[in-house]
Amino acid sequence: MDITGGAQKVWDIGVKLRDSLRDAEHKTLIAELMNAVADVKMEAADLKQENLVLSEKLTDLQELKDIRKYLRIDRGTYRLDDENEAGIAGGIFCTYCMDTKKQLVRLSIVQGKNKEGNCRCPGCKNMFFARVDYSNS
Ligand SMILES: [Zn+2]
């Protein structure tokens, strides 16, 4: 039984006790007990939600850690080859966003139609002069 189920069981017992009692003082004590249990239930629900969010963040960080194994530095950018085991399309990525915000942000080509050109991170807006023909390294 999880904490929410346990709190619910205590609540249900409290209801039965309250309804079976005739003594006002005991009914008041039971009511206080039930209020405390209601607080525990709400706190448990909040903790479950927080746990869910943290679990998702942990999964994201683990995936990011796995991706970092396949990245390499190239002209101040991170580069991921087209054929990689990370399971994402190859390209060039922002070092600033990865190193500071733990985000893999693909750079956008903003200038140059040849094999070299300027790239910009759509996240942090940093500019990079990077080889954009990354499929032919
Ligand atoms: Zn960036």
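Angles under 35 degrees count as roughly parallel, those over 145 as roughly antiparallel, those from 65 to 115 as roughly perpendicular, and the rest as oblique. The model is predicted, with local features requiring pLDDT of at least 70 and side-chain atom pairs counted only at pLDDT 80 or more, while totals for chains, interfaces and linings use all residues. Residues are numbered from 1 along each chain as its sequence is written.

**View 1. Packing of helix H1 (residues 3–20) against helix H2 (residues 24–68).** The two helices (DSSP runs of H or I, at least four residues) pack at an angle of about 165°, with their axes 9 Å apart, and H1 and H2 are therefore roughly antiparallel to each other. The axes are lines fitted to C-alpha atoms over the stretch in contact, and angles run from 0 to 180 degrees between N-to-C directions.

**View 2. Residues of H1 and H2 in contact.** Contact, taken as C-beta atoms placed from the backbone lying within 7 Å, involves residues including Ala7, Trp11 and Leu17 of H1 and Ile30, Met34 and Val37 of H2.

**View 3. The annotated stretch, residues 30–64.** The unreviewed UniProt entry annotates residues 30–64 as "coiled-coil region", an annotation of a kind that may be inferred rather than shown by experiment. Over residues 30–64 the chain is 100% helix and 0% strand, and the end C-alpha atoms lie 50 Å apart.

**View 4. The open sheet of three strands.** The strands (DSSP runs of E, at least two residues) are ordered S1-S2-S3 with antiparallel pairing, where pairing requires at least two DSSP bridges between two strands. Strand S1 (72–74) and strand S3 (91–93) each have a single partner strand, so one side of each is left without a neighbour in the sheet. Strand S2 (residues 77–80) pairs with S3 over three bridges, and Tyr78 stands opposite Phe93 in S3.

Note on methods:
Two residues are in contact if their C-beta atoms, placed from the backbone, lie within 7 Å.
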